[in-house]
Amino acid sequence: MVESKRVALVTGSTSGIGLAIAQKYAQMNYDVALNSFEPAETVTGLVADLQAIGAGRVAYFQADLSDAAASRDLAGQVIGHFGRVDVLVNNAGIQKVAPIEDFAEDDWHRIVAVSLDSAFHTIRATLPGMAQRGWGRIINIASAHGLRASPFKSAYVATKHAVVGLTKTVALEAAEKGVTVNAICPGYVWTPLVAKQVADQARVHGLSEEEVVRQVILAPQPTKQFVQPEEIAEMAAYLCSDWARSITGSTISIDGGWTAK
Ligand code: NAD
């Protein structure tokens with residue numbers, strides 16, 4: 001596949017799904033802007049590994065997306081460095097599990113800021129340039145929880161539903177400008193975050209890790225298999241192809257049948 005030269009910004013890309021998408025774009029010889037809240041010196045190895053994958057350039061932009069000012073500045077910094085952003089993947093997201101009456105206000109605001117507000121800021125900063133050049137791709141990593149609810153995840157479910165609403169709205173605004181805007185809605189994906197939950201839940205429930213996976217974590221996922229980060233990355237690559245130019249305003253479920261129920 002011959003790919004045109006593109007610049008991609010992937011938020012929250014030092015781990016899990018974001019990292020897999022960044023690796024895929026590096027394979028496609030895109031210039032890749034990585035982001036996380038971690039200090040730059042902790043990710044030099046990761047940047048070098050990505051740089052070695054393809055012919056594009058790789059740079060890291062530290063920004064804690066729970067902070068509105070940092071969130072507002074991120075895309076501008078990437079545009080300052082690479083000249084433009086053609087592909088924006090809003091991937092950064094965090095989780096907190098608690099009944100609503102015990103849900104700390106700070107946790108609520110932090111989840112909304114990282115998952116939703118940051119997407120608002122990055123889209124505002126990058127859409128005008130994409131529209132001017134007549135080509136762009138915005139991919140928001142929502143969740144099956146953008147389409148369905150589970151108890152004790154009020155902030156996560158509310159923000160992921162809101163990300164879906166934001167996706168549809170911006171898709172309509174950008175429809176005639178060569179820019180597509182879509183939400184990928186994964187079910188449970190095997191990432192370091194989930195691996196840690198398995199170990200924690202096994203301890204709490206007194207179950208084996210296999211039992212936790214089948215009976216607790218994968219209970220809503222009919223395939224009873226984790227989605228792999230690379231499956232999300234392949235979809236993120238496909239959405240950047242010209243074959244995907246008519247896919248916009250869509251929620252694309254990769255959830256092992258979860259939302260078929
Ligand atoms: P992860 O924890 O492995 O990676 C999250 C990334 O976001 C990391 O690079 C982390 O450094 C970064 N990040 C966290 N807080 C940040 C902040 N304040 N500022 C900047 N960066 C920050 O998580 P993951 O499982 O790969 O999840 C990625 C996205 O996919 C999230 O939006 C998540 O909600 C969504 N998702 C995950 C699953 C799953 O099962 N893993 C399922 C559905 C949706």
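Visitor: Where does Phe152 lie?

Guide: Helices are DSSP runs of H or I with at least four residues, strands are runs of E with at least two, and both are numbered from the N terminus. Phe152 sits in the loop that joins β5 (136–141) and α5 (154–174). This is a predicted model: local features need pLDDT of at least 70, side-chain atom pairs count only at pLDDT 80 or more, and totals for chains, interfaces and linings use all residues. Residues are numbered from 1 along each chain as its sequence is written.

Visitor: What is the phi of Phe152?

Guide: Positive, about 75°, although Phe152 is not a glycine.

Visitor: Which loop holds Asn29?

Guide: The loop between α1 and β2. Phi of Asn29 is positive too, near 65°, and Asn29 is not a glycine. Asn29 is partly exposed, with 17 other C-beta atoms within 10 Å.

Visitor: Now the ligand. Which residues come nearest?

Guide: A residue is near a molecule if its C-beta atom, placed from the backbone, lies within 6 Å of it. Of the 29 residues around the ligand, Gly12, Gly16, Leu65, Gly93 and Thr191 come nearest. Elements giving two or more residues to this shell are α1 (16–27), β2 (31–36), α4 (105–133) and α6 (192–205).

How values were computed: Buried ≥ 20, exposed ≤ 12 C-beta atoms within 10 Å, placed from the backbone.
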